[in-house]
Each structure stands twice: as C-alpha cells, then as structure tokens.
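Open the structure in your viewer and keep the selection tool ready.

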Amino acid sequence: MLEKEKAEIIAAGIKLDRYGLISLSGGNVSMRVDQETILVTPSGMMYEEMVLEDVLVMTLEGKIIEGARRPSVDTIAIRYIFQHLPTVNAVIHTHQPYATGIGLVTDRIDCDVTTLANTAKGPVNVAPYSSAASIDMGYAVADHIGDQLAVVLKNHGVVTVGKNLKEALYAAVYLEEAAKTLFVAHSYGGEIAKLSDEQIQTAVEVFKDYGQSQH
C-alpha cells in the first residue's frame with residue numbers, strides 16, 4: 001500500500017542526511033495521503049536502513065493503519081500541523097545546525113538571499129522553545145510559520161512544509177544554505193546588504209516557474 005509515497009519519504013530522508021540537515025536517526029518526514037491519512041517515518045531509525053514497510057500509515061487521529069514500527073516521537077505534533085494547516089501536504093523536521101544556531105540569538109532569519117525567498121517564501125520566524133515528543137511543537141509551527149514554508153524552533157531545530165515533499169525539502173536545504181551565507185556575512189562585521197520587500201516578492205514569483213513543466 002502506498003509504495004511510491006513511502007519510497008519518496010525514505011528518499012527525502014536520505015537527502016536530509018546527504019545535505020547535513022540531520023545526523024543518524026534525527027528528524028522525521030511525513031506526508032498527507034488524503035484528508036484523513038498520513039505517512040510518518042518510524043522512531044529512531046536511520047533513513048538509509050529503512051525499507052518501505054518501516055514507514056507507517058496513520059489516521060490524523062493517531063490510529064496506525066499499516067506498519068509494525070513505533071512512529072516518530074513527534075507524531076502528535078505532526079498530526080496537529082496537518083490538522084491545522086490544511087494546504088500543507090508534507091512536513092519535514094530537522095536539527096540543521098546553522099539555521100538552528102542563528103535561531104538561538106534572533107527571533108527571525110531575515111530574507112537577504114534570493115534562494116531563501118525562492119524556497120521559503122520570505123524571512124523565517126523563530127518560534128519559542130518546544131520539546132520533542134510534545135504537541136507544543138505543533139502549536140509552535142502553526143502559530144509562527146505564517147505564510148512561509150519554514151520555521152525555526154528555538155533550542156531545537158527546524159520544521160519545513162510544502163504542497164509536496166519536494167517543496168518542503170527545498171525549503172529545508174536552502175534555509176540552511178542561507179543560514180551559512182548569513183553566518184559568513186556577519187563574521188565580516190560589516191553592514192548586511194538587504195533585499196527589499198519588492199525584491200523578495202519578485203524572487204518568490206520567479207521560482208513558481210522553476211523546473212520542468214509536467215505534461
């Protein structure tokens with residue numbers, strides 16, 4: 001059941017590791033199947049060791065439909081996000097170090113590079129601390145993500161969302177790239193060159209036509 005979607009989830013998790021956004025079995029990946037059903041990665045398993053049967057099929061109310069593994073400890077928060085952000089079809093949670101690190105000293109990662117506008121749709125808010133395995137993490141995302149596709153959880157990590165897994169993955173990867181760029185820029189101690197709101201919106205619009213058309 002849902003073999004293609006399960007394979008997409010595992011592939012996304014492997015990419016998170018490849019791009020340095022997680023270590024070992026950290027983070028999680030989930031996807032909405034329909035209005036009542038989601039796919040969630042299992043707790044404490046490394047993505048390159050997962051097989052299709054390890055990915056759980058669950059209802060939004062928390063009932064496991066398919067799978068023998070324990071779901072991610074963050075499932076209660078993941079379910080809340082899907083329930084309260086109806087346009088979201090994919091959720092990725094990471095512990096990516098640069099974006100998380102910047103979130104320790106600020107309440108917003110400004111959108112000063114076009115790739116962050118392209119993929120996260122603008123500046124990324126930093127939500128107050130919420131622990132793993134808590135619905136508070138879901139509250140933090142829903143309350144602070146705004147119109148963007150990413151939010152930093154202070155002292156914790158990052159959550160990105162999207163209409164599909166690709167969109168959520170791009171938001172996570174390019175948020176980290178932007179955070180690295182900002183780290184380098186701030187290390188020089190000079191004034192940061194800012195993007196205007198108009199320039200940010202232009203970058204958002206341009207990316208809507210990025211990639212190959214689907215026929």
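Select Tyr98, Phe183, Val184 and Tyr188: they make a nonpolar surface patch of about 490 Å². A patch joins residues that have over 30% relative accessible area and no salt bridge, with nonpolar side chains (Val, Leu, Ile, Met, Phe, Trp, Tyr) joined within 5 Å and like charges within 9 Å. A salt bridge is a Lys or Arg side-chain nitrogen within 4 Å of an Asp or Glu carboxyl oxygen. Areas are Shrake-Rupley values with a 1.4 Å probe, and for residues only the protein chains shown count as cover.

The model is predicted: local features need pLDDT of at least 70, side-chain atom pairs count only at pLDDT 80 or more, and totals for chains, interfaces and linings use all residues. Residues are numbered from 1 along each chain as its sequence is written, and side-chain values use heavy atoms, without hydrogens and water.

Next, select helix α6 (residues 165-188), which gives the patch its largest share, three residues. Helices (H or I, at least four residues) and strands (E, at least two) are DSSP runs numbered from the N terminus. Phe183 lies in α6 and is exposed, at 52% relative accessible area. Exposed means over 50%, buried under 20%, and partly exposed in between (1.4 Å probe, protein chains only).

Now go to helix α1 (residues 3-18). Select its buried residues: Lys6, Ile9, Ile10, Ala12, Gly13 and Leu16. Seen down the axis of α1, they fall within an arc of 155°, so they line one face of the helix; the arc is that of directions from the axis to the C-beta atoms. On the other side, Lys4 and Arg18 are exposed.
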